[in-house]
Number of protein chains: 2
Amino acid sequence: MSQKQKVAFIGLGVMGGPMARHLAAAGYDVTGYNRTLTRAEAWRKGCADHGLEVLTAPTPAEAAAGADMVFTCVGNDEDLAEVVLGADGVLGAMQQGALLVDHTTVSADMARRIDVAARKRGLEAVDAPVSGGQAGAENGKLAIMCGGSAGAVSRATPAMDSYAARIVHVGMAGAGQTAKMANQMCIAGVLGGLSEAIRLASAAGLDMDRTFEAISGGAAQSWQMENRWHTMVKDEFDFGFAIDWMRKDMGYALDEARRLGLSSPISALVDQFYAEVQAAGGGRRDTSALITRLPKGK
Amino acid sequence: MSQKQKVAFIGLGVMGGPMARHLAAAGYDVTGYNRTLTRAEAWRKGCADHGLEVLTAPTPAEAAAGADMVFTCVGNDEDLAEVVLGADGVLGAMQQGALLVDHTTVSADMARRIDVAARKRGLEAVDAPVSGGQAGAENGKLAIMCGGSAGAVSRATPAMDSYAARIVHVGMAGAGQTAKMANQMCIAGVLGGLSEAIRLASAAGLDMDRTFEAISGGAAQSWQMENRWHTMVKDEFDFGFAIDWMRKDMGYALDEARRLGLSSPISALVDQFYAEVQAAGGGRRDTSALITRLPKGK
């Protein structure tokens, strides 16, 4: 870049923090904002430890003022509405020609609302939820599903490249969110079947390592089987993607399916099972803790 | 081999036929039996076309007499009981020291019954259901899950090597069948989630190729996604593993789960959904036709 591009990053949590740092490392002039100001300061110091100079701002609007691109990565619909559409939100402060890129997993409806609000101000928005978790954010190897115009996604791509292994444009506004929901529905079904298979094999006294070896090379194979079989067998769940987050995503997925007149019985059932695991205190555990609600047999 | 080993192969269908032919090609002296005698004759001619001389017998007992190993690959519990335990079944005709290897997918209970009956005669049995389908049988690349004593599985391995890419000993009598059931439960869950994900993405108007690209590299990945996404999107199901067979397997799996005091709600629900697809005339279609019972949306 002949001149440093100015970007704002709203939400400096376990995902947004390292993503914003990767932007700084890639040569962007980054101003960060976080609702909890001590976290913003910790992020600034963390960047400084990497030899990167960044700024922080006291409100989303002040972070976004004068930025060429504004990134958001917060918790849910309500959080996103506040930092984008609220009184101190970024949208009212963004300059003409600036681009809004949201990395939060939110409802497709919220993504469309933001798209409409941005267009009313003559701006463009991209909904760009990520997968790959905290490790993917730290290593800069996230997969990003993008909804929006082809032009807007192209404009956002060089910046997103600083923390992405894969960027795919799947459709218009809200499509990135919908792809993420499809992703979560697949995971729900995979873990539903896998949990029951592990209980069956284990209760029947099979050698679990050899059973994995026998079935993991064929039509039953899945990422979850390859990466969670051995931990599920050992009742280890204190890592990975938390059920609390999965329930949020499943709620959005089931809302969107309802809007589209679809039936999603497996997703709905697994979502209910996750509610049971949450109620039993397992909300912070990995999604593979779905198995914990199943009896171990006689 | 200094002297050709004699083997019998009971059941010369789309799976057993090529498996028996691979045994002949590997140097075994094979006698085949099939309930429909014209099919046995067609198999003999098919072997001759490959330059292989084989024999056929008019009953399972006559095929098994004098054999060192007896293989079975028939349809279900009832078929297997007939060819093994029936009046003309193999067990009464097998010589001392001979080994029984069953490749049918049957109930774990049937595998244990056969094991007990074999031991009463001083013989050993291996339950060895396969996966890999017709293509795997033709190419000699099946995966075989084995239950029985370590000694019996070792004895069967050189012969099974002629049509297997992978042979895994998972436990005692019935364990091979139980591993196959676990395999099918995993597939049921995967296809349940995948079907709903495809309906959601499609109804929302996403680019389906790009959505596949976006989600197939991460935590939602599965063999079924990689091999069935594009055909499911195009409503193509006239190939693969038939729902009629899947329902048989799921019935055995749910019976075994019941015996073990387990709960298998996702498997039970997908099994019911398959009953609907069967009732609508889809029993011969690939298991991925599970998606056909889901509405396509508004």
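Here, a residue counts as partly exposed when its relative accessible area falls between the buried range, under 20%, and the exposed range, over 50%. Keep that in mind for the views below, which come from a predicted model.

**View 1. E41(B) and R44(B) pair up along helix α2 of chain B.** The side chains of E41(B) and R44(B) meet in a salt bridge, with N to O at 2.7 Å. Why are E41(B) and R44(B) separated by about one helical turn? Because E41(B) and R44(B) sit three residues apart in helix α2 (residues 37–49) of chain B. R44(B) has a relative accessibility of 29%, so it counts as partly exposed. E41(B) also comes out at 29%, so partly exposed is the label for E41(B) too.

**View 2. E276(B) reaches R293(B).** Here the salt bridge joins the side chains of E276(B) and R293(B), at 2.7 Å from N to O. E276(B) belongs to helix α12 (residues 265–282) of chain B, while R293(B) lies in the segment after α12, so this pair ties together parts that are 17 residues apart in sequence. Is E276(B) buried or partly exposed? With a relative accessible area of 38%, E276(B) is partly exposed. R293(B) is partly exposed as well, with 26%.

**View 3. R119(A) and D115(A) share helix α5 of chain A.** Both R119(A) and D115(A) lie in helix α5 (residues 108–120), four residues apart, or about one turn of the helix. They form a salt bridge, and their closest N and O atoms are 3.2 Å apart. What about their surroundings? R119(A) counts as partly exposed, at 43% relative accessibility. D115(A), at 10%, is under the 20% cut-off and so counts as buried. Stepping back for a moment, the count over all chains is 28 salt bridges.

**View 4. T211(A) sits buried in helix α9.** Look for T211(A) in helix α9 (residues 208–215) of chain A. Its relative accessible area is 0%, so T211(A) is buried. Which residues does T211(A) touch, leaving aside those up to four places away in sequence? In chain A they are A201(A), L206(A) and W229(A), and in chain B they are V170(B) and A179(B).

**View 5. Domain 1 of chain A meets domain 2 of chain A.** The contact takes 12 residues from domain 1 and 10 residues from domain 2. Between them, the domains bury about 910 Å², and 60% of that is on carbon and sulfur atoms. On the domain 1 side, T105(A), R112(A) and M145(A) lose the most area to domain 2, together 42% of what that side buries. Six residue pairs are in polar contact across this interface.

**View 6. R112(A) and E256(A) form a salt bridge.** The count between domain 1 and domain 2 of chain A is one salt bridge. R112(A) and E256(A) are bridged with their closest N and O atoms 3.2 Å apart. R259(A) joins in as well: R112(A), E256(A) and R259(A) are linked in a network of salt bridges.

**A word on confidence.** Chain A has a mean pLDDT of 97, and 99% of its residues reach 70 or more. The model scores ipTM 0.97 and pTM 0.96.

Methods: Residues numbered from 1 in each chain as written. Chains lettered and ligands numbered in written order. Predicted model: local features only at pLDDT ≥ 70, side-chain atom pairs only at ≥ 80, totals over all residues. Heavy atoms only, no water. pLDDT = per-residue confidence, 0-100. Helix = DSSP H or I, 4+ residues; strand = E, 2+ residues; numbered from the N terminus. Buried < 20%, exposed > 50% of the residue type's maximum accessible area, 1.4 Å probe, protein only. Contact = heavy atoms within 4.5 Å. Salt bridge = Lys/Arg side-chain N within 4 Å of Asp/Glu carboxyl O. Buried area = accessible area lost by both parts, 1.4 Å probe. Polar contact = N/O pair within 3.5 Å; in protein donor to acceptor, adjacent residues only side chain to side chain.
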